[in-house]
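Dear colleague,

Please find below the structure that I am handing over to you, shown with its sequence. My findings are set out after it.

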Amino acid sequence: MAADSSFSQIQAQARAGAASPEGRLLFSRMVKQVRLRQLQLLLALQQCGSVMQAAVELNMSQSAATQALAELERVLDIKLFERHARGMRPTVAGQALIDAARGMLVGLQEVSESLASIRRGASAALRLGAIPAAALSVLSQLLPRFYEAHPQVYVDVHEDASAPLLSQLMASGLDVVFCRQPQLLPVEFSFEPLLLDAAVVIADADHPLVGRRDVPLPALRGARWVLPSFGIAVRNIVETEVLPVLEDASWFPASTVSLPVLEGLLTQPGAVSLVPRSILPGLRSQGRVRALDVRMEGGLPPLGAVYRTDHAPALLQEMLRLWHRLELPHAAVPASA
């Protein structure tokens, strides 16, 4: 369920969801007594390893930095840093707080960019999340058309895997996530398909199978595979369709979703990979990557937009209408058609 934007309700939810009375007490203390400057100090201390250098980084006096750390440890009643021969390092508790503080400060930096753009004249802001395949195949074509119609709208794009992006969406941190169709969604969220996708085998332009028609999968015996990373849809097809046929297949000791890394590995003799068709525009920029004519039975879920149905911004709806008017190959038919 998406988090309510009311600060009092956020506090109430956090208190109700705390695992113990002690957890609720610590949360209450942090809300009332911890300052953002102290959280900045934690990150600087981890990076610099000493109070003196952290104080210089934050333009504070050393005594003020020492006092701020001591006050934070007093409020939480736990030691956050320990001294060693070469300076200071976070304790287990300190590292846990640093990780949370980093996410909070990054969020504030991102909203500051949105506010700055609005102050400079942007009429509105949209916060978009996108997995790499959607960024390459959907946003790269959609955003130029959107800006032709709405040049004053600030668009903030976050690229990541679908799971963390969907978590941000459900916590009201994003307006929409462009990703593959999720298996399950809360009832207040909808998935609108935008682009049909498929798995394709790719290789360097010099591969001996480039240009051949109807290449059977067994013809790839002896090929060396660049594996997609775990947790993405095309990796499941490698494991369920490719490896059972090519039981003696070899692969590079690496898995990646990085396009430059993938292109580099494909220059090795006999190298091939299985990728979503949607990322081919990003791989063909150097002219070295070719799709082999290998029929794959396994399908990929379509790429589309996940958003909260009852709170979808009007600009987002306009953006999606623009996509459907592009009439691109493999574009999904809109539900209203």
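The notes below go from the whole chain to its sheet, its helices and some single residues.

The model is predicted, so local features are given only where pLDDT is at least 70 and side-chain atom pairs only at pLDDT 80 or more, whereas totals for chains, interfaces and linings use all residues. Residues are numbered from 1 along each chain as its sequence is written, and side-chain values use heavy atoms, with hydrogens and water left out.

**The chain as a whole**

The secondary structure comes to 12 helices and 12 strands. Helices (H or I, at least four residues) and strands (E, at least two) are DSSP runs, numbered from the N terminus. Of the 337 residues, 41% count as buried; buried means under 20% relative accessible area, exposed means over 50%, and partly exposed is in between, with a 1.4 Å probe and protein chains only. Among contacts between residues at least 6 apart in sequence, 73% join residues at least 24 apart, where contact means heavy atoms within 4.5 Å.

Five strands form an open sheet with mixed pairing, in the order 9-8-10-7-11. Strand 9 and strand 11 (289-291) stand at the edges with a single partner strand each, so one side of each has no neighbour in the sheet. From one strand to the next, the twist averages 35°; axes are lines fitted to C-alpha atoms, for helices over the stretch in contact, and angles run from 0 to 180 degrees between N-to-C directions. Two strands count as paired if DSSP finds at least two bridges between them. In general, strands of a sheet pair through backbone hydrogen bonds, either parallel or antiparallel.

Strand 8 (residues 224-227) pairs in the parallel sense with strand 9 (residues 250-255) over three bridges. Arg 224 has Ser 250 of strand 9 as its bridge partner. Strand 8 also pairs in the parallel sense with strand 10 (residues 271-276), again over three bridges, and here Val 226 stands opposite Ser 273. The pairing of strand 7 (residues 199-204) with strand 11 is antiparallel, over three bridges, with Val 289 of strand 11 as the bridge partner of Asp 204.

A right-handed β-α-β unit is made by strand 8, helix 9 (residues 233-245) and strand 9. Right-handed means that, with the strands pointing away from the viewer, the path from the first strand over the helix to the second runs clockwise. Helix 9 lies across strand 7, strand 8, strand 9 and strand 10, and runs at about 125° to strand 10.

**A hairpin**

Strand 1 (residues 81-84) and strand 2 (residues 87-90) run antiparallel and are joined by four bridges. Phe 81 stands opposite Pro 90 in strand 2, and the hairpin between the two strands passes through two residues.

Helix 7 (residues 132-149) has 18 residues and reaches 25 Å from its first C-alpha to its last, close to the 26 Å expected at 1.5 Å a residue. The expected span is 1.5 Å times one less than the number of residues. Helix 7 has a kink of about 45° centred on Leu 139; the bend at a residue is the angle between axes fitted to the seven residues ending there and the seven starting there. Buried residues of helix 7 include Ala 133, Leu 139, Leu 142 and Phe 146.

Helix 3 (residues 36-48) has 13 residues and reaches 18 Å, close to the expected 18 Å. Among its buried residues are Gln 38, Leu 41, Leu 42 and Leu 45. Gly 49, which follows helix 3, has a positive phi near 80°.

**Individual residues**

- Glu 318 has its place in helix 12 (residues 314-326) and counts as buried at 19% relative accessibility. Leaving aside neighbours within four places in sequence, Glu 318 is in contact with His 150 and Arg 325.
- Asn 59 lies in the loop between helix 4 (51-57) and helix 5 (62-76). Asn 59 is a residue other than glycine with a positive phi, near 60°, and counts as exposed at 74% relative accessibility.
- His 330, in the segment after helix 12, is likewise a residue other than glycine with a positive phi, near 70°. His 330 is partly exposed, with a relative accessible area of 43%.
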